[in-house]
Each structure stands twice: as structure tokens, then as C-alpha cells.
Amino acid sequence: MSQNGAGIDLDTSLGYLLKEASSALRTAMEEVLRPLGMSVTHYSCLELLAQRPGLSNSELARGAFVTRQSMNVLLQNLEREGYVTRPAQAPVGKALPARLTPRGRRSLEKASAAVRSVEVRMLAGMTESEQSGAFLILRRMIHSLRDDTGGA
């Protein structure tokens with residue numbers, strides 16, 4: 001924000017605005033998930049497993065934007081509480097693929113509805129065309145920042 005242009009002007013920085021939007025979204029999601037006994041990471045893990053059953057700890061960690069260690073702790077808790085199940089031994093290699101239990105599916109249904117309400121609130125006041133445009137623009141930004149190998 002310096003006069004000579006060496007710093008970043010936070011009032012006009014698109015990156016800063018994206019981070020602020022991300023933070024506001026996460027806060028709103030935490031507010032609707034907290035009464036359900038969930039965090040955003042807990043919800044993300046269940047959602048990923050519903051859409052891609054059998055993901056490994058590493059794959060879940062990448063999808064939920066957390067470390068493998070954090071995801072392992074979460075998975076152990078979710079398994080202990082009856083939300084997910086994992087085999088006692090890895091079917092192939094070392095990965096223990098997790099799957100949602102019926103309890104996990106019921107919990108996810110409530111959480112998904114709560115998270116969807118946040119997204120609807122976030123998009124309120126935007127036309128379908130504006131929403132589509134925002135989606136495409138954000139996808140292009142992500143693509144531009146990632147290398148050709150699809151790294152995180």
C-alpha cells in the first residue's frame with residue numbers, strides 16, 4: 001500500500017478480495033454447521049466420501065485442504081463416532097479407504113442443506129448469468145495458478 005507502488009493496495013487487490021470472500025464463506029459455513037456438531041472440515045470429508053466413496057486419507061486431505069495428519073485424526077474420530085467405516089486391513093497397498101455409514105449419510109443430508117443455504121445467501125442478488133460468469137472466472141484463475149500436472 002505504499003505510495004511508490006511497491007506494496008499491494010488492499011482496496012484494489014483481487015487476491016485479497018478472494019481471501020476475504022473465502023473467509024466470509026468459511027465463517028458462514030461454520031455458523032450453520034456448528035449446531036449440527038460439525039466443522040467445515042468434518043462436512044467436507046463427509047461430502048467427499050459421499051461423492052467419491054473409498055477415498056484414501058491422502059486423497060481426502062487434499063480434497064478438504066488439510067494435512068494428512070489432520071485428516072487422519074478426523075477420520076479416526078468419525079470412525080469412532082460411527083460416521084465412517086474403514087477396513088481393518090488395506091485391500092491394496094497401505095491405504096484404508098473410508099466409506100460413509102448410514103449415520104454418516106443422515107448427518108451429511110442435514111449438513112448439505114445447511115451449507116446450500118449459505119451458498120444461496122452468498123449468491124443472492126446475482127443473476128444466473130453473473131453466477132455463471134463468476135464460476136468461469138474463478139475456474140480460470142485456479143487453472144492459471146496450477147501447473148500442468150494439476151498440483152494443489
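**Helix packing and loop residues in a predicted protein model**

Beyond residues up to four places away in sequence, T41 touches R26, A64, V66, M71 and L74, where contact means heavy atoms within 4.5 Å. The coordinates come from a predicted model, in which local features need pLDDT of at least 70, side-chain atom pairs count only at pLDDT 80 or more, and totals for chains, interfaces and linings use all residues. Residues are numbered from 1 along each chain as its sequence is written, and side-chain values use heavy atoms, with hydrogens and water left out.

T41 belongs to helix 2 (residues 40-51); helices (H or I, at least four residues) and strands (E, at least two) are DSSP runs, numbered from the N terminus. With a relative accessible area of 17%, T41 is buried, given that buried means under 20% relative accessible area, exposed over 50% and partly exposed in between (1.4 Å probe, protein chains only).

To set this residue in context, the whole chain is described next. The protein chain has 6 helices and 2 strands, arranged along the sequence as α-α-α-α-β-β-α-α. Of its 152 residues, 26% are buried. Among contacts between residues at least 6 apart in sequence, 44% join residues at least 24 apart. The accessible surface comes to about 10,700 Å², with 54% of it belonging to carbon and sulfur atoms; such areas come from the Shrake-Rupley method with a 1.4 Å probe, and for residues, only the protein chains shown count as cover.

Two packed helices are described by the angle between their axes and the distance between the axes. Helix 1 (residues 14-33) and helix 2 have axes that come within 9 Å and cross at roughly 85°; axes are lines fitted to C-alpha atoms, for helices over the stretch in contact, and angles run from 0 to 180 degrees between N-to-C directions. The two helices are therefore roughly perpendicular to each other, a label used for angles of 65 to 115 degrees. At their contact, R26, M29, E30 and L33 of helix 1 meet V40, T41 and Y43 of helix 2. By class, this contact has 4 nonpolar, 1 polar and 2 charged residues. Here Ala, Val, Leu, Ile, Met, Phe, Trp, Tyr, Cys and Pro count as nonpolar, Asp, Glu, Lys and Arg as charged, and the others, Gly among them, as polar.

Helix 3 comes next. Its buried residues include N57, L60, A61 and A64. These cover an arc of only 100° around the axis, which puts them on the same side of helix 3; the arc is that of the directions from the helix axis to the C-beta atoms. Their cover includes helix 2 and helix 4.

What follows helix 3 is F65, with a positive phi near 60°. Most residues other than glycine have a negative phi. F65 lies in the loop between helix 3 (57-64) and helix 4 (68-80) and is exposed, at 73% relative accessible area.

R86, in the loop between strand 1 (84-85) and strand 2 (99-100), counts as buried at 14% relative accessibility. Its contacts, beyond residues up to four places away, are N72, L75, Q76, E79, L96, P97 and A98. L36, in the loop between helix 1 and helix 2, is partly exposed at 34%. The C-alpha atoms of L36 and A114, 78 residues apart along the chain, are separated by 9.2 Å.

Conventions
Angles under 35 degrees count as roughly parallel, over 145 as roughly antiparallel, 65 to 115 as roughly perpendicular and the rest as oblique.
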